[in-house]
Each structure stands twice: as C-alpha cells, then as structure tokens.
Amino acid sequence: MEFFRNTNIDFLGKKWYFLIFSLIFSVAGVLSMAFWHGIPLGVDFRGGTLVYVKYAHTPDPAAIHAEIDRAGLKNARVQRIGQAAANEVVIALDIQETSEQALDKGKTLIIQALEGSAASANSGKQDLNNASSLTIANYLLEKDPLHLGTDANPRYTAMAQAIVGERDKARGGVLGSIDDLKTAADPAVVASLKDGFFTSDFGIRNVEIVGPQVGQQLRKQALLATLYSLAGMLVYLALRFEWIYGVAAVLTVFHDTLITVGAFSLLNWEISLTVIAAILTLIGYSNNDTIVVFDRIRENIKLLRRDKLADIVNKSINQTLSRTILTAGLTFLTVLALFLFGGEVLHAFSFALVIGILIGTYSSIAIAAPILVAYQEWRAARGQQPIAMPVRTGGPGQPKEKIKA
Amino acid sequence: MNKNLTWKLVVIVGILVFFLFGIFGIPKDWTGKGLLASITDRIHLGLDLRGGTHLILQVQVDDAVNVDSDNAIARLKEDMRARKINYADITKPDPVNHPELVLVKGITPDQSGDFKSIATEHLPDYNVSSGAENSFTVTMKPQNLSDLKSRAVQQAIETIRNRIDQLGVSEPVIQEHGLGQYQILVQLPGVDDPARVKEIMQSTAMLEIKQSLGGPYSSEAQAFQEHNGQLPPDAVLMPGKSIGASRDTDSGESWYIISRASAVTGRDLRTAEPSRDENGQPAVRFILTGDGGRKFYSFTSAHVGDNLAVVLDGKVQEVAVIKEPIRDTGIINGRFTDQQTQDLSMTLRSGALPAGIKYLEERTVGPSLGADSIRSGVQAAIYGMLAVLIFMLVYYRWAGVNADIALILNLIILLGFMGFFGAVLTLPGIAGVILTVGMGVDSNVLIFERIREELRNGKTPPSAVEQGFSHAWITIVDTHVTTIVSAAILFIFGTGPVKGFATTLVFGLAANLFTAVFVSRVIFDWVLTRHQRGEALSI
C-alpha cells in the first residue's frame with residue numbers, strides 16, 4: 001500500500017498562506033495570553049491547594065461551594081472532572097489559603113466543611129471514608145472486638161489495611177455504608193466499627209499542596225528547562241549543519257511552543273508540570289521532523305548543484321512527505337489513544353501532545369524550510385554568496401564544507 | 001544462511017534473553033501472577049501509580065548557624081572574662097538575615113590586640129575585623145558557613161531517614177532536592193496519613209537536662225519579680241510544658257529559671273523507650289552512653305538536693321529533685337499518651353534535627369486513583385501499540401512484520417533497561433512508553449520509505465536495502481540525539497512523574513537505535529538470502 005507517490009507540490013509557493021495561517025493562531029494565542037486568560041498556570045507553578053474528591057452520588061458543585069464558603073475559605077473553585085459516572089470534583093484553593101506555616105490547613109478545613117452536616121449528626125464518631133489505616137488500627141486496638149492476645153497489634157493493623165484496601169481499591173474510594181465491609185472484615189469488627197465511625201458521602205482521592213516558594217522555583221525550572229532544550233538544539237544543529245539551520249529549527253520550535261501554550265490559554269486549561277514535559281517532548285518531536293527535511297536538503301544540495309535552493313527545498317519536502325505524514329499519523333494515533341483512554345490525570349498532557357504533533361509536522365514543512373530559503377534570498381539580494389551551499393570554487397570568506405554524508 | 005548473519009542472529013537472541021531477564025529476573029513461578037509479581041519487583045511503580053505521600057521540606061539552616069554563633073558568643077564571653085577584657089556589648093545585629101554575624105562593642109584600644117588574638121585563636125571558623133568606635137565584627141568564614149549549612153542538610157536527611165525507618169515504611173525516598181535551596185524530598189509509598197509522619201519528621205527532639213534554679217512561675221513578669229528584676233548569671237527563663245495539654249499546644253502558662261549549661265544532651269543518649277513512671281503513667285525511659293553517664297554522675301553527685309529540669313525542644317518537660325547521684329538511666333514524664341511516648345522515644349533514638357524544618361509541598365495520591373491510573377494508562381498503551389502494529393502490517397506487508405518485530409523488541413529492551421536500573425515507572429512514564437512506540441516506528445518508516453524510493457529509482461532489492469539503511473542512518477542519529485537532549489534536560493530538571501517520563505523516553509530511544517537499525521537490517525538480510533533474483537521485495 002502507498003499513500004503518496006512522486007508528489008510534486010509547490011510548498012514554497014504557498015508560503016504566504018502558511019504565514020497567514022501561523023500568524024492567525026499565534027496572534028490569537030498571544031492576545032489571549034496578554035488580554036484574556038493570561039497563561040493559566042496550574043497549582044504546580046502558582047502554588048495553592050487542590051483536593052480531588054470522589055462522591056458516592058452525583059455531586060452538586062454549587063452546594064459544595066456553599067459549604068466551603070461557610071467554612072471561611074474564600075475564592076475556592078469547585079469543578080467536576082472526569083466522566084459523569086465518576087462523580088468526582090476538584091476543589092482548588094488559592095495560594096493565599098496555603099501558607100508555609102500551615103501547609104495542609106486548607107485541606108483539613110475542606111474535609112471538615114464537607115463532612116459538615118454528616119459529622120454533626122454523628123457527633124463523637126469518625127468518618128470512615130476519610131480515616132487512615134492507622135486511625136482504624138488504633139481504634140480497633142483500643143476496642144479489641146476480637147479479644148486478641150499478644151499479637152493484637154499486627155493483626156489489627158493488617159485488618160485496618162484490608163479495610164482501607166477494600167474501600168479504596170474495590171469500592172473506588174467511597175463506602176456507601178459500613179455494611180459494605182462485610183466481605184472484607186469479621187462481623188464483630190464491622191459491628192465495632194459502627195460504634196465509632198460513620199460514612200460520609202465522599203472520599204479524598206488525591207491532594208496536591210504547593211507552597212509559594214516551590215511554585216516560584218518550579219516556574220523558574222520549567223522556563224530554564226525549555227530554554228536549555230532550545231539552546232541544545234541550536235548548538236547541535238549548528239555543529240551538524242550550518243548555524244542558519246539551527247536558527248530555523250529553533251524559530252520553528254518556538255512557533256510550535258507559542259501556538260501550543262496559546263491553545264492552553266485560549267481554552268483556559270491549566271499548564272501543569274506534566275504539560276511542560278509534553279511541551280519539551282514536542283520540541284524534540286518537531287525537531288525530528290525538521291531534521292528529516294534538512295537532512296534531505298543537505299543531501300540534495302550535493303546532488304543538484306545547479307538547481308535553485310527553492311527548487312531543492314521543494315523537492316526535498318516532497319521526497320520526505322510520505323515519511324512525514326506516516327510518522328505524524330502513527331505518533332498521532334498513539335497520542336490520541338492516550339488522550340482518549342489515558343484517564344483524567346493525563347488529559348492535559350496528551351492534549352498538549354496532540355496539538356504539538358499536528359503543529360510540529362506542519363511547521364517543519366511550512367516554517368522551517370521557508371526560513372532557510374528566505375535567508376538565502378536575503379543574502380543573495382545583498383550580493384553575498386549563499387551559505388549552506390557546497391563550495392564550488394573556494395575563496396576567501398566562504399564557509400568551509402562541513403557537509404558529510 | 002551465511003556465517004556473518006548467524007553470528008548477528010546470536011547477538012540479537014542474546015540481547016533478547018538478557019533484557020527479558022532484566023524485566024522478569026528469574027521468576028519463582030511461571031504463572032501469570034508470579035510473572036507479574038516479578039516485574040513489579042524489578043520495575044518500581046511511582047507514587048502516582050501505587051499511592052503514597054510526597055513531601056518537599058526545607059531545612060532552616062539558619063537555625064544551625066545561629067546555634068554555632070551562639071556558641072561563639074558564649075566562648076568569647078568566657079575568654080574575655082578570663083583575660084579580663086572589658087566590653088560594652090556583644091550581640092548579633094541581624095540574626096534573621098545574617099545569623100553568622102556577631103558584633104562586639106566597646107573594647108578599649110589598648111585591649112583590642114588581646115581581643116583579636118583570643119578571637120582568632122579560639123574561633124578558627126570566624127573572621128575578625130575591627131570596625132568603627134572600638135567595635136569588632138566576628139563573622140563566620142564563607143567556606144565554613146556553606147559547609148555548616150550543607151552539613152545541617154545531610155544531618156537532617158540522616159535523622160529523618162532514621163525516623164522513617166523506625167516507622168516501617170517500605171522503599172522510602174529521602175534525598176536532597178533542588179539546586180542549593182536546602183530542600184529535601186521525601187517520598188513514602190503507601191502512607192495514607194501524612195499528618196502523623198509529618199509531625200514525627202518535624203519534631204526537632206532536642207533533649208537537654210539542665211539544672212533548675214527556680215519556678216514554676218505563672219508568668220515571665222512574676223519570675224523577674226521574685227528575683228528583683230534580675231536573673232541569676234548564666235541562667236535563662238524557659239516556658240514549661242503546660243498542664244493537661246499535649247506536647248505542642250499551650251494552654252496554661254508556666255515558667256522556670258534554668259541554667260544555661262546542660263548536664264547532658266540528646267547526644268549523650270544511648271537509647272530511649274516507652275515505659276511507665278512510678279504512678280503507672282506513660283513515660284519515656286532513657287539510657288545514657290558511657291561518657292554521658294560519667295558526665296551525668298559527676299553532675300548529679302555535685303547537686304544532690306538541687307532541682308533537675310528535663311528540657312525538650314526548649315520547653316521544660318518536668319522538674320525533679322536529685323535525691324542521689326544518678327549514673328545512666330532516667331525517666332521523662334509529662335502527661336503523655338501511649339502514642340506520644342512511642343513517638344517521643346523514637347525521635348529521641350533517631351537523634352535531634354540540627355535545625356527546624358518547614359514543609360513546602362505535599363502531595364498525597366490515594367491508592368484508588370493510582371489503580372485507576374494504571375488501568376487507563378495500560379489500556380491506552382495497548383490500544384496505541386495495536387494501532388501502530390496493525391497499520392505497519394497493512395502498509396508495508398512483510399516489511400511490516402519486520403518493523404513489528406523491531407518494535408516489540410524495542411519495548412522489551414526498554415522495560416529490561418528499567419528493570420536493570422530499578423527505574424521508577426510513573427503515569428507519564430507509561431505515556432513515555434507509548435510515545436516511544438510512536439516515535440520509534442519513525443525510524444522504520446524513514447528506512448522503508450527510503451528503500452521504496454531506491455527501488456523506484458530502479459535499484460535491485462539488495463542495493464536498495466543497502467542504500468536505504470545507509471541514507472536513513474544519518475537522519476536517525478540526528479533525530480535521536482536532539483530528542484535525547486530534550487529528554488535529558490527534562491530528567492535533570494524534573495521530579496517524580498516527569499523524571500519517570502524522561503527515563504522511559506531516553507531508554508526507549510536508545511533501544512530504538514539498536515532495534516530499528518541493527519535488528520531490522522538483519523531481518524532484511526535474512527529475507528534477501530532466501531530471495532530469488534528478480535523477485536520483488538515485499539515492502
């Protein structure tokens with residue numbers, strides 16, 4: 001099977017369309033970053049508290065918000081996440097509610113607020129859905145419902161772990177009632193638990209608390225990592241090809257990064273650490289694509305010495321087009337699988353990759369190659385010898401031949 | 001089959017076996033469950049997949065510096081008294097921002113030479129320089145200061161590790177983190193209750209046994225009043241542990257006058273364990289080291305009838321009369337619960353933290369989320385992989401089989417690498433595996449497309465394969481190097497999940513260089529040896 005055979009598309013002739021297309025997306029992104037959503041930073045960079053809560057029933061964000069508001073936590077955001085059937089919400093607190101003196105205060109207050117009415121109806125009892133195995137073990141040790149002898153401590157500890165395991169792994173994190181434990185624990189233990197515990201209608205799945213200092217540090221690191229990554233590309237390509245190839249590749253990748261971050265800004269999706277990882281990956285990926293085209297240009301320059309660079313570049317893009325589309329398509333397939341089946345945690349990450357692969361493939365054809373040609377034309381217009389062309393006669397001031405195949 | 005090819009085939013099978021061993025080790029039993037257990041034994045799951053607590057804390061290294069400069073001040077005062085050097089004042093002008101800086105004021109010019117010589121002689125870690133109006137600045141040398149700070153961090157890591165070990169957490173990670181920020185990363189798999197662990201890690205557990213010179217008083221003011229507004233020399237006022245409250249909350253106030261010098265400190269402890277006092281209340285019993293015991297014996301012999309104070313973290317825990325000389329055992333009581341005596345004896349055994357710590361970041365992943373993440377991550381990996389494998393078969397026919405073999409081998413080598421290095425698999429790491437499949441297949445596509453091109457240009461299959469591989473090789477090296485560069489930068493800057501992602505990406509790409517180029521080539525060569533002249537290549 002073959003999709004492309006001897007294509008002969010004049011890509012460079014369409015460079016103005018490409019430019020307009022790229023401009024629309026980058027400018028829209030930049031405008032959104034500047035005037036609309038800004039760069040929506042996640043809790044990793046902003047600092048703050050995130051609590052992921054799973055409910056036993058369909059959660060009502062407005063009611064949850066009211067409960068948290070009543071507890072004195074202002075500016076909390078409550079949002080449903082995941083599939084509707086998952087009954088999950090995420091509650092976000094600003095950095096103001098997250099001081100380094102009491103890092104987990106916000107989390108504790110949220111749990112108290114959500115337990116609210118259920119806790120007051122069951123005063124004196126603890127919430128089994130948010131109890132740790134240690135709490136349960138200590139309780140059992142004290143009540144000793146099985147009248148165990150010397151090995152009470154290890155046995156109750158193991159029992160508590162089994163109970164927590166049943167709750168978290170088999171029941172998805174929330175018990176409807178203590179009777180749900182009948183399969184996992186001794187009836188006497190279940191009966192004893194009923195005396196000291198109640199079940200609220202939610203369980204905490206995941207907590208992220210980032211203090212202001214770490215947020216600032218991570219922001220700096222993410223920026224540095226991106227810059228170093230770009231600098232690394234530039235140096236490597238300048239050594240392997242000519243410096244202009246490095247510049248063209250880095251400009252291309254910058255374009256890709258800008259559009260991807262812009263897409264996050266337009267959609268107001270938060271950029272987390274894993275999204276930065278995705279962006280660095282797409283820097284590598286987009287470079288891949290660009291290098292494949294550049295390699296072919298370098299090869300063709302040697303073969304077709306008399307042709308114009310624009311023709312050589314066009315021919316090179318066409319020759320590699322089949323590979324470019326195939327690879328992009330296959331990588332896109334895998335990333336799409338991640339996006340569709342990878343679950344909530346990987347959603348933003350795989351979204352960045354989906355966008356990045358589309359843009360990265362497009363840009364190696366539509367941005368990187370035209371930059372090369374434009375630079376040559378600019379040099380030619382100033383009467384200089386084109387760079388990156390093999391030396392024919394030699395002479396002072398001309399670049400040495402670095403091209404090896 | 002020619003000899004050269006046989007030899008290469010042996011290499012490939014050898015590598016396959018080697019990396020399969022990397023993944024599975026030698027499984028105890030060959031059932032599906034046993035195999036799965038031996039995988040997770042070698043490739044560790046990250047916190048985001050197995051659940052647990054991730055903490056970043058910062059050592060308040062200035063605490064350690066303050067202790068050192070306080071000692072320097074004490075030393076100077078003693079020396080100046082011994083040499084009869086008069087001074088107006090000795091202070092730390094800025095203990096918050098410059099804890100290493102000591103200012104001595106009002107030394108007469110004729111004694112300044114004397115002062116300088118004792119200061120430089122007895123405080124080798126400090127620089128001494130004279131300032132305006134007969135004053136001297138004594139400040140820690142920059143090298144000693146940074147040594148002291150990094151020592152404080154190392155000591156804190158040791159202490160925390162001791163404490164965590166005693167809690168029985170399996171496979172904890174405790175290491176320095178960040179770039180020169182005095183931060184420590186603590187990862188505790190399976191810990192679902194960070195609150196207690198945090199408290200245990202945080203308690204400095206600084207134990208001192210000192211002489212009590214008076215008290216309790218109900219307020220600081222009363223203590224001064226009883227002594228006509230002046231404390232005895234070399235004594236300080238210390239708060240007592242409040243009555244009926246837990247170890248770190250205060251309700252009722254009490255104050256004691258306590259000697260500055262300690263008879264023994266936590267460093268002299270050999271061990272500590274939960275026990276009961278004479279009234280059957282929970283208490284902590286401690287035993288001193290040989291040296292500590294001798295010190296304590298000579299102190300208590302000299303002070304029979306005086307009061308002894310047990311001070312923990314700057315708070316007077318209890319005061320008792322010395323009835324007779326004590327050698328090496330003692331009891332600390334103070335209305336503890338059983339849990340508290342357990343925790344306290346544990347922290348005493350593990351040694352004191354050299355400085356306070358502050359929590360900067362806390363993440364807890366519940367086991368239910370981790371289990372969901374594994375399920376969806378693996379599901380996505382399988383779907384993505386299947387899609388690629390099937391596509392390659394359809395598009396390249398027999399050569400697609402070749403690519404699929406290379407891809408599967410790529411995956412085995414990647415996982416084998418991770419097994420050998422004991423690498424941590426995180427959720428983004430699973431994504432890295434999937435991405436490796438997508439990007440790894442690129443090398444095959446590059447080569448195959450090139451071979452097709454050469455075939456179209458009229459080359460014979462053997463020469464098309466030869467040309468295809470040699471031309472694509474240059475491109476493949478360039479693309480791999482640049483991607484590995486960005487993955488390596490991720491590895492250096494990232495933590496936790498992101499690091500896991502970079503790890504799989506780097507290993508995957510390295511493995512890909514071998515599978516897509518070497519293995520695919522061998523398969524092609526093998527196909528070509530069985531090939532009839534003039535027969536078309538299935539690609």
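1. The crossing of helices α3 and α4 of chain A is right-handed (a crossing counts as right-handed if the near helix is turned clockwise from the far one by less than a right angle, and as left-handed if anticlockwise). Helix α3(A) covers residues 61–70 and helix α4(A) residues 105–121; they pack at an angle of about 115°, with their axes 9 Å apart. Axes are lines fitted to C-alpha atoms, for helices over the stretch in contact, and angles run from 0 to 180 degrees between N-to-C directions. Helices (H or I, at least four residues) and strands (E, at least two) are DSSP runs, numbered from the N terminus.

2. On the basis of the description: this is a predicted model, in which local features need pLDDT of at least 70 and side-chain atom pairs count only at pLDDT 80 or more, while totals for chains, interfaces and linings use all residues. Residues are numbered from 1 along each chain as its sequence is written, and chains are lettered from A and ligands numbered from 1 in the order in which they are written.

3. Between these two helices, A:Ile64, A:Glu67, A:Ile68 and A:Arg70 of α3(A) meet A:Ile110, A:Ala113, A:Leu114 and A:Gly116 of α4(A). Contact requires C-beta atoms, placed from the backbone, to lie within 7 Å. The residues of this contact comprise five nonpolar, one polar and two charged (Ala, Val, Leu, Ile, Met, Phe, Trp, Tyr, Cys and Pro count as nonpolar, Asp, Glu, Lys and Arg as charged, and the others, Gly among them, as polar).

4. Chain A is divided into domain 1 (12–41 + 211–381) and domain 2 (48–209), with bounds from an automatic or database domain assignment. The centres of the two domains, taken over C-alpha atoms, are separated by 45 Å. Four residues of domain 1 of chain A are in contact with six residues of domain 2 of chain A. On the domain 1 side, the touching residues are one nonpolar, two polar and one charged.

5. The contact between the chains takes 65 residues from chain A and 63 residues from chain B. Elements that each supply at least two residues of the chain A side include α8 (212–240), α10 (273–303), α11 (309–341) and α12 (347–381) of chain A. By class, the side of chain A that touches chain B has 32 nonpolar, 24 polar and nine charged residues.

6. Strand pairing also links the chains: five bridges join β6(A) to strand β17 (residues 357–365) of chain B, and the two run antiparallel. Strands pair if DSSP finds at least two bridges between them. Within this pairing, A:Val207 stands opposite B:Thr364.

7. Chain B comes to 15 helices and 18 strands. Its domain assignment gives domain 1 (3–50 + 366–529), domain 2 (65–145) and domain 3 (203–360). The C-alpha centres of domain 2 and domain 3 of chain B lie 30 Å apart. Along its principal axes the C-alpha trace of chain B spans about 115 × 60 × 40 Å.

8. Chain B also holds an open sheet of three strands in the order β12-β13-β16, with antiparallel pairing. Its edge strands, β12 (269–276) and β16 (329–333) of chain B, each pair on one side only. Neighbouring strands of the sheet are turned by 25° against each other on average, direction ignored. Seven bridges join β12(B) to β13(B) (residues 282–288), and B:Thr271 has B:Ile287 as its bridge partner in β13(B). Helix α10 of chain B (residues 338–350) lies across β12 and β13 of chain B, at about 175° to β12(B).
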